[in-house]
Amino acid sequence: MAAFKWPITALSSILHRMSGVLLFIAVPFALWMLEQSLESQTSYEQLQHLLSGGLAKFIIWLVLAALSYHIIAGIKHLLMDIGIGESLEGGLTGAKIVLVVSAMAIIGLGVWLW
């Protein structure tokens, strides 16, 4: 029995949608953190202490990873909207570029965060 193999273009598209969902879920938390940081010096310090833990940094890294992937894949979609990379070969190349550039950005964000 042959296993189903997802095409790279499908993986790129699914990851773009998943990153968008994660960003949508993260928005209320980001707004709450903004509110806490602006409320008072004490609430800012409490938020800073909360965000200095390992789990919080990991969650922040996930959100930043989703943001960077979503932006890079979005740029690819904008290029396709103006006619660049619309062919099958262009789609494959674009998906590969998105995955490689996103991986580099995500690794860079991890290094920067820790």
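This is a predicted model: local features need pLDDT of at least 70, side-chain atom pairs count only at pLDDT 80 or more; totals for chains, interfaces and linings use all residues.
Residues are numbered from 1 along each chain as its sequence is written, and side-chain values use heavy atoms, with hydrogens and water left out.

**Helix packing**

Helices are DSSP runs (H or I, at least four residues) numbered from the N terminus. Axes are lines fitted to C-alpha atoms over the stretch in contact, and angles run from 0 to 180 degrees between N-to-C directions.

| Helix pair | Angle | Axis separation |
|---|---|---|
| α1 and α3 | about 130 degrees | 8 Å |
| α1 and α2 | about 135 degrees | 6 Å |
| α3 and α4 | about 150 degrees | 9 Å |

Helix α3 is thus roughly antiparallel to α4, whereas α1 and α2 are oblique to each other. The crossing of α1 and α3 is left-handed, meaning that the near helix is turned anticlockwise from the far one by less than a right angle; clockwise gives a right-handed crossing. The crossing of α3 and α4 is right-handed.

**Contacts between helices**

Contact means heavy atoms within 4.5 Å. Helix α1 spans residues 8–39 and α3 spans residues 54–81. On the α1 side of their contact stand Ser12, Leu15, His16, Ser19, Gly20, Leu22, Leu23 and Ala26; the residues they meet in α3 include Leu62, Val63, Ala66, Leu67 and Tyr69. This contact of α1 with α3 comprises ten nonpolar, seven polar and one charged residues. Here Ala, Val, Leu, Ile, Met, Phe, Trp, Tyr, Cys and Pro count as nonpolar, Asp, Glu, Lys and Arg as charged, and the others, Gly among them, as polar.

Helix α2 covers 41–51. Its residues Ser43, Tyr44, Leu47, Leu50 and Leu51 meet Trp32, Met33, Gln36, Ser37 and Glu39 of α1. By class, the contact of α1 with α2 has six nonpolar, three polar and one charged residues.

Helix α4 covers 88–113. Among the α3 residues that meet α4 are Lys57, Ile60, Trp61, Ile72 and Lys76, and the α4 partners include Gly94, Val98, Leu99, Ile106 and Trp112. The contact of α3 with α4 divides into 16 nonpolar, four polar and two charged residues.

Leu109 lies in helix α4. Leaving aside residues up to four places away in sequence, Leu109 touches Trp61, Leu64, Ala65 and Ser68. Leu109 and Ile60 are 49 residues apart in sequence, with a C-alpha to C-alpha distance of 9.9 Å.

**Pockets**

Pockets were located on a 1 Å grid over the protein atoms alone, with a 1.4 Å probe; a pocket is an open set of points with protein on both sides within 12 Å along at least five of seven lines, and lining residues have an atom within 4 Å of a point. A volume is the space filled by probe spheres set on the points, which are joined across faces, edges and corners.

The largest pocket holds about 410 Å³ of space. Of its 17 lining residues, Phe29, Met33, Ile59, Ile60 and Val63 lie nearest its centre. Helices α1, α2 and α3 each supply at least two residues of this lining, and α1 gives the most, with nine. The lining of the largest pocket has 17 nonpolar, no polar and no charged residues.

The second largest pocket holds about 170 Å³. It is lined by 13 residues, and Lys76, Leu79, Gly94, Ile97 and Val98 are the closest to its centre. Helices α3 and α4 each supply at least two residues of that lining, with the largest share, six residues, coming from α4. By class, the lining of the second largest pocket has seven nonpolar, five polar and one charged residues.

Key. Angles under 35 degrees count as roughly parallel, over 145 as roughly antiparallel, 65 to 115 as roughly perpendicular and the rest as oblique.
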